[in-house]
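Take a first look at the model below.

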Amino acid sequence: MHELSIAQNLVEIANTAAQRANVQRVTAVRLQLGALAGVVKDSLLFCYDIASAGTLLEGSKLLIEELPVVIYCPQCQQTVALETVQAFCCPVCGTFSNDIRQGRELEILSLEAEEENEHPSHP
Amino acid sequence: MSTPRILEIRRGVLEKNDILAHHLRDQFNAAHVLVINLVSSPGAGKTALLEDTLRRLIQAGHRPAALVGDLATDNDANRLSRSGAPVRQIQTGGNCHLEADMISGHLSDWGLDLSQIEFLFIENVGNLVCPASYDLGEHLRAVVLSVTEGEDKPLKYPTMFHSADIAVLTKMDIAAAVEFDKPAALTNIQSVHPGMMILETSAKTGAGMENWIQHLITSREATFALVAE
């Protein structure tokens with residue numbers, strides 16, 4: 001179970017970015033997770049709450065976008081998404097391919113943050 | 001009052017590890033040290049394979065060394081150091097995988113002169129899940145699968161088998177006794193990693209070990225474009 005260590009890395013990067021941007025509180029973190037990243041979504045969600053406690057991310061939502069593996073099929077000459085990671089072959093023609101075009105992502109895309117308005121408008 | 005704000009980040013969660021692994025690889029390349037990350041389940045025979053590998057490389061006049069990850073003991077390092085190769089234990093204290101900063105920390109504490117060795121083996125913690133995500137600066141990731149484990153293991157741990165460069169089957173001497181279905185195992189490995197090289201070995205009888213040793217030597221020569229001696 002390395003998701004806690006992954007969650008700690010994630011929180012460290014996001015919290016540092018939030019501090020630098022002077023935000024008060026992060027409400028959501030968007031993450032892309034490829035099927036080949038070797039990370040279990042539910043475990044990561046569980047660990048995220050633990051790792052984010054006491055940081056600007058405490059109480060925020062981790063929004064995970066899961067990405068399937070996409071390979072390039074040399075036979076069909078196009079990229080195709082795989083439904084499983086048990087067979088690296090084209091679902092259309094059955095040709096094996098190691099040409100991975102997507103699926104290894106473990107990337108923080110963005111943060112949604114709340115911040116005080118320094119100069120609130122007075123109607 | 002507060003307003004929502006979107007901050008673009010676009011950064012890899014493991015970038016710190018990846019950057020460190022990149023630096024390590026530069027260091028290994030400069031010293032012409034081929035680094036092999038050995039991964040497997042607990043009990044697949046990584047240590048036995050490594051013990052025989054170190055012994056054979058030394059006999060053939062090469063200079064190997066090993067960093068050995070273990071949750072709590074230094075039994076493996078004691079066993080491996082009998083080969084005569086420099087060996088250092090990394091006790092992970094319960095951590096289920098090795099990370100690049102552990103390699104870098106242990107290398108500097110160890111005081112191993114990289115220019116004096118040709119091969120560095122990193123025996124990862126026995127685990128087919130977590131080590132897959134962590135680049136240690138290796139040139140070759142070898143996944144070790146023993147004949148006692150079941151032919152469907154590659155399908156159960158596709159990420160690890162996909163991330164490896166070579167599969168080493170171990171304990172081939174008892175394949176028949178445990179009714180190892182070799183064709184199924186080979187098919188499953190090829191299914192999750194088309195074209196991956198597969199070697200069959202037995203550290204006990206020595207069968208297949210020469211192929212493995214030769215592959216290591218050839219890989220080192222190819223990686224550093226050395227002229228064969």
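Predicted model: local features only at pLDDT ≥ 70, side-chain atom pairs only at ≥ 80, totals over all residues.

Residues are numbered from 1 along each chain as its sequence is written, and chains are lettered from A and ligands numbered from 1 in the order in which they are written.

Start with chain A. It has two helices and six strands. Both kinds of element are DSSP runs, numbered from the N terminus: helices are H or I with at least four residues, strands are E with at least two. Along the sequence the pattern reads α-β-α-β-β-β-β-β.

How far does chain A spread? Its radius of gyration is 19 Å, well over the 14 Å that the globule rule gives for 123 residues, so chain A is more spread out than a compact globule. The radius is taken over C-alpha atoms, and the rule is 2.2 Å times the number of residues to the power 0.38. The C-alpha atoms fill a box of roughly 65 × 40 × 20 Å along the principal axes. Of the 123 residues, 37% count as buried. Buried means that 20 or more other C-beta atoms lie within 10 Å of the residue's own; with 12 or fewer it is exposed, and in between it is partly exposed, with C-beta atoms placed from the backbone.

Now find the sheet in chain A. Three strands form an open sheet in the order β4-β3-β5, and the pairing is antiparallel. Strands pair if DSSP finds at least two bridges between them. The edge strands are β4 (78–81) and β5 (100–102) of chain A, each pairing on one side only. From one strand to the next, the twist averages 40°. Such angles run from 0 to 180 degrees between N-to-C directions, and the axes are lines fitted to C-alpha atoms, for helices over the stretch in contact. Strand β3(A), residues 70–73, is joined to β5(A) by two bridges. Val70(A) stands opposite Gln102(A) there.

Next, see where the chains meet. In chain A, 34 residues are in contact with 30 residues of chain B. Contact means that the C-beta atoms of two residues, placed from the backbone, lie within 7 Å. On the chain A side, α1 (3–20) and β6 (106–116) each supply at least two residues. The largest share, 11 residues, comes from β6(A). By class, this side has 21 nonpolar, eight polar and five charged residues. Ala, Val, Leu, Ile, Met, Phe, Trp, Tyr, Cys and Pro count as nonpolar, Asp, Glu, Lys and Arg as charged, and the others, Gly among them, as polar.

Move on to chain B. It holds eight helices and eight strands. A compact globule of 229 residues would have a radius of gyration near 17 Å; chain B has 19 Å, which agrees. Its C-alpha atoms fill a box of roughly 75 × 40 × 35 Å along the principal axes. Buried residues make up 45% of the 229.

Which strands build the sheet of chain B? Seven strands form an open sheet in the order β4-β3-β5-β2-β6-β7-β8, with parallel pairing. β4 (87–91) and β8 (197–200) of chain B stand at the edges with a single partner strand each, so one side of each has no neighbour in the sheet. Neighbouring strands are turned by 20° against each other on average, direction ignored.

Trace some of the pairs. β3(B), residues 64–70, pairs with β4(B) over five bridges, and Gly69(B) stands opposite Ile90(B). Five bridges also join β2(B) to β6(B), where Ile36(B) has Leu140(B) as its bridge partner.

Finally, look at the helices of chain B. Helix α8(B), residues 209–223, lies across β2, β5, β6, β7 and β8 of chain B, running at about 135° to β2(B). Helices α1(B) (15–30) and α4(B) (100–110) pack at an angle of about 40°, with their axes 8 Å apart.
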